[in-house]
Amino acid sequence: MGAVGNSERQRGHELEMEPSDTALWARSRAGDAEAFGLLFERHAKAIYNFCFRRLGDWADAEDMLSLVFLEAWRRRDRQLADDKVLPWLYGIATNVLRNRRRAKRRFAAALRRLPASHPTPGFADQADGRIDDERQMREALDLLTQLPQHEQEVFALCAWMELNYEDAALALGVPIGTVRSRLSRARRRLRELDSRFGHEKGRSAMVKEAHDR
Amino acid sequence: MTSPDLIPVPMRELAPARLTALKHHLIAEVTHVARPGEKLVGRWSSSRRRAFALSIALALLGVGTAVAATSGWLSGSPAPQSVVADFGSYTPQLGFNPDPGGAVQVASDGDAILYATTNSQGSYCVVASLPWKRPSQNPDGGSCVNERTARQDVVAGVVGGSKTDADGNLTLAVAGRISTPHATSIEITLPDASTRNLLLGPSGFFVLMFPTQLCHNWSATITALDVQGRRLTASTIVLERAIQPSGTQDPRFAVCSLPGLTSEAAPSVQVGP
């Protein structure tokens, strides 16, 4: 049996126990950088992909990923409900993306110290795919950015990252009803924009995909 | 159906090595922040930086220069079991008693990973995991540094070399530690006189691999730099010696001496201005 606060994972016949987000966050709040590093490892992919979906650039998304976690550490006095670390990180990411310039200024020194990125064999093979991603994402963002900022944020969290209303509300610091109404408005506006622009080939990857389905 | 929700962009992973590098960077950065709400060291005001430097200087005055001997100074992510076992296999007759359970990862460079732990002699020991020598397959107990050497601002040594090919080419791995306050990176001269810059890992350790040829008389100049790239300390350390056997002047027969970080063959260190 695992200790309280730890979760178990079965791998074949082997039982692995790993600390839950809640346990890691409690340790991070006490100043445990290693615990915070484990949280980073666990949620880097989600935040990295969220940042990409808001920026349309993998390299920028990587920088933002670091900024999000540096900002989260700065705010680690925050008490979080059980299993709400990831939604809260999405909230931090939303704020960091909204105030990119300020975040970059705040952590300028840390950004300068970011280790240089070298192409990794195997992952380099994905380079073409990543370029395609960026092209498609920018087309999607061309459309999305015509919406008000708060609708873009709700849409990105709920539609692209598949957060439920409750978690999106936590991330954005708004009532659940507000999330519902903003998402509904965002979808309606996107449908209107789609009918205006979406039939031009390549105008929006987001819409194009929807037509293909 | 027209739904704008879906985009044809997959969820992508960061390359594992990149994820690890970013994680280490994050841990190194956040360990500079003492309390929630504080800004990172790079954003401290000049007065706070001066106050911090003063407090460090006072602390050093108070405890002498035995920074390396202070327990609790070593930080990093926990080492895997194979490294713990490797440290556990160290031969105490060599003069040190490493603490295997305290082993942590302290630096990396591509496939080279450096682990360190403290020892009961008041200094530290290192194990390097290198592409041609992994602790799980070729444990050797690691190397320990004596207390006097550990107190130097700059410590370095060759921690491994790959097999040479027919032309004498090989990869060397060098590791070390900078204990100069505020040092965040180093510049090191390589045998071919080129230089490399490296970020320091947690607790000031570094490791690097580079292709070279045996055998040189190589004294590496290692310069410790602060976050603004200002030079803090420079040391020249003999890392490779070509010893010509008697009876021949042919350089192909030179014996190469690669001083390690061990107390038995501690590198000579000259702390620069």
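# A tour of chains A and B

Select helix α7 (residues 127-144) of chain A together with α8(A): their axes come within 11 Å and cross at roughly 135 degrees. An axis here is a line fitted to C-alpha atoms, for helices over the stretch in contact, and angles run from 0 to 180 degrees between N-to-C directions. The helices (H or I, at least four residues) and strands (E, at least two) are DSSP runs, numbered from the N terminus. This is a predicted model, in which local features need pLDDT of at least 70 and side-chain atom pairs count only at pLDDT 80 or more, while totals for chains, interfaces and linings use all residues. Residues are numbered from 1 along each chain as its sequence is written, chains are lettered from A and ligands numbered from 1 in the order in which they are written, and side-chain values use heavy atoms, with hydrogens and water left out.

**Stop 1: α7 and α8 of chain A**

Now show side chains. Met137(A), Leu141(A) and Leu144(A) of α7(A) are in contact (heavy atoms within 4.5 Å) with Gln152(A), Phe155(A) and Trp160(A) of α8(A). By class, the residues of this contact are five nonpolar, one polar and no charged. Ala, Val, Leu, Ile, Met, Phe, Trp, Tyr, Cys and Pro count as nonpolar, Asp, Glu, Lys and Arg as charged, and the others, Gly among them, as polar.

**Stop 2: α8 and α9 of chain A**

The crossing of α8(A) past α9(A) is right-handed. On α8(A), select Glu153(A), Val154(A), Leu157(A) and Cys158(A), which meet Tyr165(A), Ala168(A), Ala171(A) and Leu172(A) in α9(A). The contact of α8(A) with α9(A) has seven nonpolar residues, no polar and one charged.

**Stop 3: chain A as a whole**

Zoom out to chain A, which has 11 helices and two strands. Of its 213 residues, 50% count as buried (under 20% relative accessible area, with exposed over 50% and partly exposed in between; 1.4 Å probe, protein chains only).

**Stop 4: a sheet in chain B**

Move to chain B, with four helices and 14 strands. Of its 273 residues, 47% count as buried. Select β6, β7 and β10 of chain B, which form an open antiparallel sheet in the order β6-β7-β10. The edge strands, β6 (154-161) and β10 (205-213) of chain B, each pair on one side only. Two strands pair if DSSP finds at least two bridges between them. From one strand to the next, the twist averages 25 degrees. Seven antiparallel bridges link β6(B) and strand β7 (residues 169-178) of chain B. Val155(B) stands opposite Arg177(B) in β7(B).

**Stop 5**

Select strand β11 (residues 218-225) and strand β12 (residues 231-243) of chain B, which run antiparallel and are joined by eight bridges. Ile222(B) has Ser235(B) in β12(B) as its bridge partner. In the hairpin of β11(B) and β12(B), with five residues between the strands, look for Gly229(B), which takes a positive phi near 85 degrees. Finish with strand β13 (residues 255-257) of chain B, which runs antiparallel to β12(B) and is joined to β12(B) by three bridges. There, Ser257(B) in β13(B) is the bridge partner of Arg241(B).

Notes
Left-handed = near helix turned anticlockwise from the far one by under 90°.
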